[in-house]
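Trainee: Could we go through the aromatic residues here and the reasons for the words we use about them?
Mentor: Gladly, let's bring up the structure.

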Amino acid sequence: MHLASNNFTGSLPHISSGVTELDLSNNLFRGSLSPMLCQRRTNKEKNWLQSLDVSGNLLSGELPNCWMNWRELTVLKLGNNNLKGHIPISIGSLMWLGSLHLHNNHLSGDVPVALKNCSSLMVVNLSKNEFTGNIPAWMGNFNGKFSKMYEFIGHDQEIIYELGLMVLVLHSNKFNGSNPHELCHLHSLQILDLGNNNLSGIIPRCFGNFSSMIKPSNTTSPFSIHNEKHFAIGSMDSATLVMKGVEYEYHNTLGLLTGIDLSRNKLSGGIPEELTGLHGLIFLNLFHNHLQGKIPVKIGAMTSLESLVLSMNRISGVIPQGLATISFLSHLNLSYDNLSGKIPSGTQLLGFSPFSFIGNPELCGAPLTEDCGEDGKPKSPIPDNDDTEDSGWIDMKWFYLGMPWGFVVGFCAILASLTFNRAWRHAYFQFPGRDEA
C-alpha cells in the first residue's frame, strides 16, 4: 500500500494484519506511533508487515515498545520526524530487520545492546539525533553469515549467504570515545559515516581492510538484496550523505557509493597508509580534526576517488605527486593545514580553485597566485605568525592604555583655555542658540 507524498493529516491509521508493505512517508500525520503499532488484536492474528515507511511526517512522542508484534519487518523507516526518547529494547525482536532508518529525530541515550540481535541489518542510519556514549563494538558482528533459507512459496530449503552491514551512518550525534577496531570486521561495509561527533583517538589502520572498498565498483545496480525470503518486496534504500561538500539524498544509487566520513571530530595521529589500499573508495572526508603527519605518498593509488577533504587539520609536508594522477577527482580541499612546497603540476590539480589550497603559508605554485622560488618555497618572505600577533597585541595594548589619558589631557586643555582666556570665554557663552530658552 503506497500512499506517500500526499497531504494526509491526523493520526496514523490502524494496520490490517494482512498488509505486507505500507508507505505513508512525506505526509502530515501527527501524534504517536503507539496507537498504530501497539493495538491489541482479539483474534491474535499474525502481523505480516514486512516494510513500514512513515518518514517525513510530524510524528512525536517516544518509540513504542511493542516491536515483538512485528517480527516479519525487514524495512523500518521512521526518519525525519519529531520522535524522542530511547530506542526500546523490543527492537531486538526484529531478527529479520535489514534496513533501519531513525535519522533526523530527537532520539537520545546509548544504542541498546538489544539491537545486536538484529543480525540481518544491512543499512543503519541513526544520524542527526542526540545519541551518546561509545559506538558499540558489537556492531562489528554484522559481518555476514551463512544461514538456512527455509521453504518459502514452494521452494526447497537451501543455504544462502547473508551480506553484513553495508551502510553505517551515525553522523551528527554525541558519540564519544574512539573508533572501535571491531568495525574492521565489516567486510561488506561500503559507507562509514561517523562525522560530527566527539570521537577521539587515532584512525585505526585496519580501516584499510574494508573489502567492499578495496575493489573498484563495476556494477550498474545497487547492492543485491541478501535474503530473497524476507526482501521479496525489492525495496530500495536511501541515505543522506555529504558528498563533494554538498548534502545529497541517495536512493537507487546508494549501493554504488563507497566512502568514509570522519569529519568534525577530535581525531589525532596521522592518516594511515593502509587507507590508500582502498582502491574503490569514492569519497574520503577527514575535515576539522587534529590530524598530523603527512599525506600518504601512495594516495595516487586511490584511483576511484572523486572527493577528498583533508582541510582544517595539522597535516604537513608536501603534496604527493600521485594526487595529480587521480583522474576522477573533482572535489579537493586541502585548505588550512601546514602543507609546504610546490603544488604538483598537472591539469587535474590546476583545475581546482585556489580556495582548495589557501591557509597553507608555505605552499606555492598554481593555482595559487604565490610563485615558487628555485628552492620550491614561496618567493615572498613568509611572515612569522607569532611575531605578527605579538606586535599587533602590543600596538593595541598601548592604544587602549592611551585612550583615557588622551581624553583627560584634551579636556584639561580646553578647560584651561576657557579659564585663562577671557575673549574665548565670552565667545563660548555667547554662542548662537544659548539664549533661546
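Mentor: Met1, Leu3 and Phe8 make a nonpolar surface patch of about 270 Å². This is a predicted model, where local features need pLDDT of at least 70, side-chain atom pairs count only at pLDDT 80 or more, and totals for chains, interfaces and linings use all residues. Residues are numbered from 1 along each chain as its sequence is written, and side-chain values use heavy atoms, leaving out hydrogens and water.

Trainee: What makes a patch nonpolar?
Mentor: Its members have over 30% relative accessible area and no salt bridge, and nonpolar side chains (Val, Leu, Ile, Met, Phe, Trp, Tyr) are joined within 5 Å, like charges within 9 Å. A salt bridge puts a side-chain nitrogen of Lys or Arg within 4 Å of a carboxyl oxygen of Asp or Glu. Areas come from the Shrake-Rupley method with a 1.4 Å probe, and for residues only the protein chains shown count as cover.

Trainee: Why is Phe8 called partly exposed?
Mentor: Its relative accessible area is 37%, and the term covers values between buried (under 20%) and exposed (over 50%).

Trainee: Why is the pair of Phe8 and Phe29 called stacked?
Mentor: Ring centres must lie within 6.5 Å to pair; planes under 30 degrees apart count as stacked, over 60 as edge-to-face and the rest as tilted. With centres 6.2 Å apart and planes at 25°, Phe8 and Phe29 are therefore stacked.

Trainee: Why is Phe29 called buried?
Mentor: Because its relative accessible area is 6%.

Conventions. Buried means under 20% relative accessible area, exposed over 50%, partly exposed in between (1.4 Å probe, protein chains only). Rings of Phe, Tyr and Trp (its six-membered ring) pair if their centres lie within 6.5 Å; planes under 30 degrees apart count as stacked, over 60 as edge-to-face and the rest as tilted.
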